[in-house]
Amino acid sequence: SEPGKISSTRAYTGRIVSLDVDRVRFPDGSEGELEMIRHPGASAVVPFLSDPAGDDPQLLLIQQYRYAAEGYLYEIPAGRLDPGESPAACAARELREETGCSAERVEHLFTTYTTPGFTDERIHLFMAAGLTQGESAREADEFVETVTLPLSRALAMIQAGEIQDAKTALGILFAAGFRAGR
């Protein structure tokens with residue numbers, strides 16, 4: 001028989017995540033229990049302030065307080081998908097809410113599982129270009145400042161371990177490797 005879920009019991013339902021205890025059949029036919037955090041998914045966006053194809057384009061990052069990290073992290077704008085919302089619409093909304101910017105172009109880069117050992121959360125990564133500045137609309141628990149820096153500096157910060165957020169490092173590296181400066 002195929003590997004997969006045999007049964008599932010909801011242990012906790014929260015505002016952002018839920019916790020299920022799943023009975024699972026593994027590829028070798030054995031069975032076991034796994035705790036799984038269920039998450040609706042999210043979008044994140046690498047915002048370019050100048051032409052991504054130009055020489056050392058400018059990026060717009062945010063510095064955000066994260067309780068789990070016990071301090072501030074450099075991040076790209078990101079957030080949870082609303083029910084029925086497309087990943088692209090979510091990316092554009094989060095960009096607007098967290099930075100006040102809207103974009104002429106929002107282009108899908110790739111989709112990744114954040115931590116498949118214990119959650120089904122996927123983040124859809126995008127890049128945005130042709131930004132225009134407007135008003136930000138942050139949520140009450142978002143403590144955010146925007147930071148402008150050239151792509152070369154962002155890459156150096158990833159290399160030095162100063163950018164520790166996975167979606168941010170991956171998004172910038174992907175954009176740098178496959179989309180920007182070409």
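## Basis of the model

Residues are numbered from 1 along each chain as its sequence is written. The model is predicted, so local features need pLDDT of at least 70 and side-chain atom pairs count only at pLDDT 80 or more, while totals for chains, interfaces and linings use all residues, and side-chain values use heavy atoms, with hydrogens and water left out.

## Overall fold

The protein chain has 3 helices and 10 strands. Helices (H or I, at least four residues) and strands (E, at least two) are DSSP runs, numbered from the N terminus. Along the sequence, these elements follow the pattern β-β-β-β-β-β-β-α-β-β-β-α-α. The C-alpha atoms fill a box of roughly 55 × 35 × 30 Å along the principal axes.

Of the 182 residues in the protein chain, 40% are buried. Buried means under 20% relative accessible area, exposed means over 50%, and partly exposed lies in between (1.4 Å probe, protein chains only). The accessible surface comes to about 10,000 Å², and carbon and sulfur atoms account for 50% of that surface. Accessible areas come from the Shrake-Rupley method with a 1.4 Å probe; for residues, only the protein chains shown count as cover. Contact means heavy atoms within 4.5 Å. Among contacts between residues at least 6 apart in sequence, 56% join residues at least 24 apart.

## The three-stranded sheet

An open sheet of 3 strands runs in the order β1-β2-β3 with antiparallel pairing. Its edge strands, β1 (4–13) and β3 (31–38), each pair on one side only. Neighbouring strands of this sheet are turned by 25° against each other on average, direction ignored. For such angles, axes are lines fitted to C-alpha atoms, for helices over the stretch in contact, and angles run from 0 to 180 degrees between N-to-C directions.

Two strands pair if DSSP finds at least two bridges between them. Strand β2 (residues 18–25) pairs with β3 in the antiparallel sense over 8 bridges. Ser18 stands opposite Arg38 in β3.

## Salt bridges

A salt bridge is a side-chain nitrogen of Lys or Arg within 4 Å of a carboxyl oxygen of Asp or Glu. By this rule the count is 15. One of them joins Arg38 and Asp22, whose closest N and O atoms are 2.2 Å apart. Arg38 lies in strand β3 and Asp22 in strand β2, so the pair ties together parts that are 16 residues apart in sequence. Asp22 counts as buried, at 5% relative accessibility. A network of salt bridges links Arg10, Asp20, Asp22, Arg38 and Asp120.

Arg25 and Glu31 also meet through their side chains in a salt bridge (3.6 Å, N to O). Arg25 is partly exposed at 23% relative accessibility, and Glu31 is partly exposed at 41%. Another salt bridge joins Glu107 and Arg179, with the closest N and O atoms 2.5 Å apart. This pair links distant parts of the chain: Glu107 is in strand β8 (residues 101–113) and Arg179 is in the segment after α3 (166–178), 72 residues apart. Glu107 is partly exposed at 31% relative accessibility, and Arg179 is partly exposed with a relative accessible area of 29%.

## Nonpolar surface patch

Tyr65, Tyr67, Tyr72 and Phe143 make a nonpolar surface patch of about 540 Å². Patches are made of residues with over 30% relative accessible area and no salt bridge; like charges are joined within 9 Å, and nonpolar side chains (Val, Leu, Ile, Met, Phe, Trp, Tyr) within 5 Å. Tyr65 is in strand β5 (residues 58–66). Tyr65 is partly exposed, with a relative accessible area of 36%.
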